[in-house]
Structures are given as structure tokens and as C-alpha cells.
Amino acid sequence: MAKARVSRRGLLAGIGAVAAMTDQTGNPAGADPATGDARGGRGGASRKRLLQCLGGDWPDAGPLEAVTEKTAQKDGYRLERITYLVEPQERVAAYLLVPDGVTQSSPAPGVCVWHQHNGAYAIGKDEPAGLKLGPMHQTGVALAREGYVVLCPDAAGFGERNGRGNLNGRSLEHYLFGMYVVQGKCLAWKNILDMRRAVDLIASRPEVDGDRLGCYGHSMGSTHTWLVGPWEPRLKALVGNCCMPTYAAMERTDLIHCFPNYIPGWRQYGDLPDVVGMIAPRALHLNFGETDSGSPIEEVKAGMEVIRRAYRARKAEDRFTYYIEPGSGHVLSDEMSNRVKAHFARYLKA
């Protein structure tokens, strides 16, 4: 007997049944668009539901046990290679960039930089730390030269974490996503756990003013920025560059994205802009390229209104900004870079 074949039209009809339960804000029908909390007892796009979809509470990871393994003087900053524990049995590496003149007695703001995907599994933290590729995305170096202490860690499956037995690259990424799913979690859950440990590390440094912390990411790093944002109140200023794919855009354009964007079960409550909105009231800036196929601009513009409403509800509308560059794609342009620096200067240096 031939197997029944489900057409894309049929599949999307099923998805549409869920989507029909939501209004244009991405919240359940009848929900307060500002908060995502539904009236009449129906569930809303809440932080509690997001945590359940991600995989539940993060464990107490214990002490960092950070070790500085080597140090090199660069042009305008000191580069340290550090290892630390993200979980009791998992030690990872990161680069710390400390501007010249920054000391315990003269501390500086700290910024965590999450690297891009770009299929560059073997690169990871080396690009923002200025050791490989570039110069466009050597943002750790650029921010260190602006006076910030910068931490550049490897994401799971990238850089020095790109290898497990016979697995590496895309195969390892697929494996990690699948194994977290069967545990009732997802790769985004693990990424957030690791990013919170990175914030622990930079906040522990004597050269860093722990009351002035921020984070930045391009592409997958942008996804990491708005993923960790709702769960990390120590981050006072956040910037994402060129990545906020929505599930609505994925459905419309058959868009396939990297694994951290997929949060199991979240579509029944909202879309990814609803997650981003949970960062309110802390300062957030997002950059986009008008022609970036990874973040279709029609849905990006609708998503900006969802986020704006979330900030307005927290009386913080002035703390959310975004920029769409006409004619640009998936890049960090000079103007985008200037806006990144201006956002951090406003909220971390003032």
C-alpha cells in the first residue's frame, strides 16, 4: 500500500489552525497585545510558557573554576585565553579582550559577543576575537578599542567545541539538537545556559564594572542575544545584528534556519518577536538589511511593532530602537556598526 503523502498545503493548513488562534501580534486571540496575557483565562505568550517550551529551569552549574591559560599583548588591548565550566563536567574556552589602561582600580563596562554561524564551525570565537576571518565581524576587537572589556566564547558545536567522537560540523550540530529534544529540551535551552555562564564570567572579572554589562551578536549571534535577553537581567544593553527570523516568515517562504531558532511548542503561544519583547524594559537595538533573505523584511517590520508594544507596556518605548538599511543584505555595514557603538555608549558608558 502506498504511503499517504502530506502536501505542503495540507501541512500549512494544520499550522494555520494554530495560527488562527493568534492575532496579528502573535499572541493568542483575545490576548492583551502589550503583555501577551490572555483575558478570560486563556494562556498568553508568557515567560513561564516560554521556559516550559525551552526545556525548563536551568541547573545550578556550580563554580566557574576559571583558568587564564595564556595572555598576549595586542594593539590597544590584552588578549587572554580563558577556560571555565559551563556545567560541572563541561569546560569551554573563550577569549577575553581587556583594553589598555583598564584595571581593577579603573574598571570598564563589559560586553559579551556571540559569534555568527555562517557554516564556520571550526571558527567560532576566533572571528570576533580578531584571530581569523574578518575584518567585518571582528567585533570583539572593535569594541575593545572603544574601551569595553569583551568576552568571546564558543557556542556549542563551534570553535574548540566542534568535535565529539566522529561528529563535527553540521552533523554534530544536528546531533546536539536532536539529543536535547529527546531530553525534553532544545538547543536554545543549552545556548542560554552557556550564555548565562559567560555573563557570570565577565561579571566576575575585577576589571569589569558589573553594573554595566551588555551583549552583541551578528546572525546566529543575534539570535543568541535575544534568546538570553529575557533570562539575564544583568545585561543592561543588548544589540542584535541581522537576524530575527519569524515562524510566520518561515511558513510563507519555506525558510530553513539554524537550530537555536526552533523552540518546541512555542508557535501555539506566539512567534519569535514575542520572545524578543520579553527583554523589555532593558535597552535593545536591532539592525536589519532590507534584502536579507534570512530575515524577510515584511515579517521583520511586523515583528518590530510587536516588540514596540511590549516596551510601551513597560513604559520603556524609548529603550527599544531598530534600523533597517535600504539595499543591504546580511552584513554589518558601517552605519550598522556606528549604531551598535552608539547604543552601548548611551547605556553602558553614560
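This is a predicted model: local features need pLDDT of at least 70, side-chain atom pairs count only at pLDDT 80 or more; totals for chains, interfaces and linings use all residues.

Which side chain meets that of Lys-125 in a salt bridge, and what is the N to O distance?

Modeller: The side chain of Lys-125 meets that of Glu-160 in a salt bridge, with 2.7 Å from N to O. Lys-125 belongs to the loop between β4 (108–114) and α3 (139–144), whereas Glu-160 belongs to the loop between β5 (149–153) and α4, so the pair ties together parts that are 35 residues apart in sequence. The two partners differ in their surroundings. Lys-125 has a relative accessible area of 1% and is buried, because the cut-off for that class is under 20%. Glu-160, at 46% relative accessibility, counts as partly exposed.

The structure holds 30 salt bridges, and two others deserve attention, since each joins helix α5 to the loop between α6 and β7. One is formed by Arg-196 with Glu-232, whose closest N and O atoms are 3.8 Å apart. Arg-196 lies in helix α5 and Glu-232 in the loop between α6 and β7, so this contact ties together parts that are 36 residues apart in sequence. Arg-196 is partly exposed, at 29% relative accessibility, while Glu-232 is buried, at 3%. The other is formed by Arg-234 with Asp-200, and here the closest N and O atoms are 2.7 Å apart. This pair again links distant parts of the chain, with Arg-234 in the loop between α6 and β7 and Asp-200 in helix α5, 34 residues apart. Both of its members count as partly exposed: Arg-234 has 27% relative accessibility, and Asp-200 has 22%. Elsewhere, salt bridges that share partners join Glu-69, Arg-81, Lys-125, Asp-126, Lys-132, Asp-154 and Glu-160 into one network.

Helix α5 itself spans residues 187–204 and has 18 residues. From its first C-alpha to its last it reaches 26 Å, close to the 26 Å expected at 1.5 Å a residue. Of the 18 residues of α5, 14 are buried, so the helix is largely enclosed by the rest of the structure.

Beyond the loop that holds Glu-232 and Arg-234 comes strand β7 (residues 235–241), which is likewise largely enclosed, because six of its seven residues are buried. Strand β6 (residues 208–218) pairs with β7 in the parallel sense over six bridges, and Cys-215 stands opposite Leu-238 in β7.

A final remark concerns the surface. Met-179, Val-181 and Val-182 form a nonpolar patch there, with about 250 Å² of accessible area together. Val-181 is placed in helix α4 (residues 169–182) and counts as partly exposed, at 35% relative accessibility.

Notes: Residues are numbered from 1 along each chain as its sequence is written. Side-chain values use heavy atoms; hydrogens and water are left out. Patches are made of residues with over 30% relative accessible area and no salt bridge: like charges are joined within 9 Å, nonpolar side chains (Val, Leu, Ile, Met, Phe, Trp, Tyr) within 5 Å. Accessible areas come from the Shrake-Rupley method with a 1.4 Å probe; for residues, only the protein chains shown count as cover. A salt bridge is a side-chain nitrogen of Lys or Arg within 4 Å of a carboxyl oxygen of Asp or Glu. Helices (H or I, at least four residues) and strands (E, at least two) are DSSP runs, numbered from the N terminus. Buried means under 20% relative accessible area, exposed over 50%, partly exposed in between (1.4 Å probe, protein chains only). Two strands pair if DSSP finds at least two bridges between them. The expected span of a helix is 1.5 Å times one less than its number of residues.
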